[in-house]
Amino acid sequence: MAGIAECQECQGTSWIEVSTPRGPAAKRCYCFYEEQRKSRFQAMGLPRRFEDASFDSFSAGDYRTEKERFNTLTAAMRRAKSFVDGFPITRKKGLLFHGGSPRDKTHLAVATLKCLVDKGFSGMFCEYGQLLLTLRARSDPNAAISGPSRETARRVANVDVLLLDGLGDHRATAWTLDTASAIIKHRYLNEKCLLATTGFSLETAPRPEPDRFREASYMPFPDTLGDRIGQEAVLRLVDHCESVSMVVNEAGAPGSPPH
């Protein structure tokens, strides 16, 4: 196994000698199990930047200089840990990390995924935009990657814990709306765990009436998550997942609109 040769305890053999009442015996070195654990994580498709993400390595900042950020992110991490401790005997079957820094959201989501895999559940990390591109090839008869796309679709449907990172980070089309809705609906109806991160607001943004506010009607308005994946999908998502706000309210309390 890669990495075992670097271990000073077993000198790369993956075995160590231990003393027992009956005399010397061979025991698997800790590096053997660590390599197995890393292999499981690699099979989940984790991106290189977050391969080592964990709750222990998550930084909420300095309480003395970033009090509100520290309080908000610490609370978010506690909620994620609590979910892991209670899963699968939890009312909600997932977590939706929204708002705040993309790095912080993904870090906590990956840490949660890893902990659930350590509990024995299968897991899969998917970057939302790339997932759509892969699944799109499934419906293209000329696509050369139809095999991998079928396998991806199968895993997305069957894996115990699915992490969708950057939910909504793809312009909405009829196909993307249908696909996002189908994925979320399947997890929802079958009570399968779904972890998701998004930088889009969960609320419906107010928009002026064009005939009354002629100039304002030409002004850009930020998309909401409902604009990107469909409002019905958002309603299922909120019902299925516990909402974890990562927004730091500069006025002093977390929970302002996440986009």
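Biologist: Are aspartate 104 and arginine 69 buried or exposed?

Modeller: In this predicted model, both aspartate 104 and arginine 69 are buried.

Biologist: What makes aspartate 104 count as buried?

Modeller: Its relative accessibility is 6%.

Biologist: Why is the contact of aspartate 104 with arginine 69 called a salt bridge?

Modeller: The closest N and O atoms of the two residues are 3.0 Å apart. The cut-off is 4 Å, so the pair qualifies. This pair links distant parts of the chain, with aspartate 104 in helix 3 and arginine 69 in helix 2, 35 residues apart.

Biologist: What links Arg69, Arg103 and Asp104?

Modeller: A network of salt bridges links them. Arginine 103 also bridges to aspartate 104, with closest N and O atoms 3.7 Å apart; that distance is within 4 Å, so the contact counts. Arginine 103 has 52% relative accessibility, and exposed means over 50%, so arginine 103 is exposed.

Biologist: How many salt bridges does a search of the whole structure find?

Modeller: The search finds eight. One of them joins the side chains of glutamate 151 and arginine 154, at 2.6 Å from N to O.

Biologist: Why are glutamate 151 and arginine 154 separated by about one helical turn?

Modeller: Because they are three residues apart in helix 5, residues 146-158. Glutamate 151 has a relative accessible area of 37% and arginine 154 has 42%.

Biologist: How many aromatic pairs does a search of the whole structure find?

Modeller: It finds three. In one of them, the rings of tyrosine 63 and phenylalanine 70 have centres 5.5 Å apart and planes at 75°.

Biologist: Why is the pair of tyrosine 63 and phenylalanine 70 called edge-to-face?

Modeller: The centres lie within 6.5 Å and the plane angle is over 60 degrees, so the pair is edge-to-face. Tyrosine 63, at 40%, is partly exposed, and phenylalanine 70, at 26%, is partly exposed.

Biologist: What makes the pair of phenylalanine 87 and phenylalanine 121 edge-to-face?

Modeller: Their centres are 5.1 Å apart and their planes are at 70°, which is over 60 degrees, so the pair is edge-to-face. Phenylalanine 87 is in the loop between helix 2 and strand 3, and phenylalanine 121 is in the loop between helix 3 and strand 4, 34 residues apart. Phenylalanine 87 is buried at 8%, whereas phenylalanine 121 is partly exposed at 22%.

Biologist: Which residues do ring pairs link into a cluster?

Modeller: Phe83, Phe87 and Phe121.

Conventions
Residues are numbered from 1 along each chain as its sequence is written. This is a predicted model: local features need pLDDT of at least 70, side-chain atom pairs count only at pLDDT 80 or more; totals for chains, interfaces and linings use all residues. Side-chain values use heavy atoms; hydrogens and water are left out. Rings of Phe, Tyr and Trp (its six-membered ring) pair if their centres lie within 6.5 Å; planes under 30 degrees apart count as stacked, over 60 as edge-to-face and the rest as tilted. Buried means under 20% relative accessible area, exposed over 50%, partly exposed in between (1.4 Å probe, protein chains only). Helices (H or I, at least four residues) and strands (E, at least two) are DSSP runs, numbered from the N terminus.
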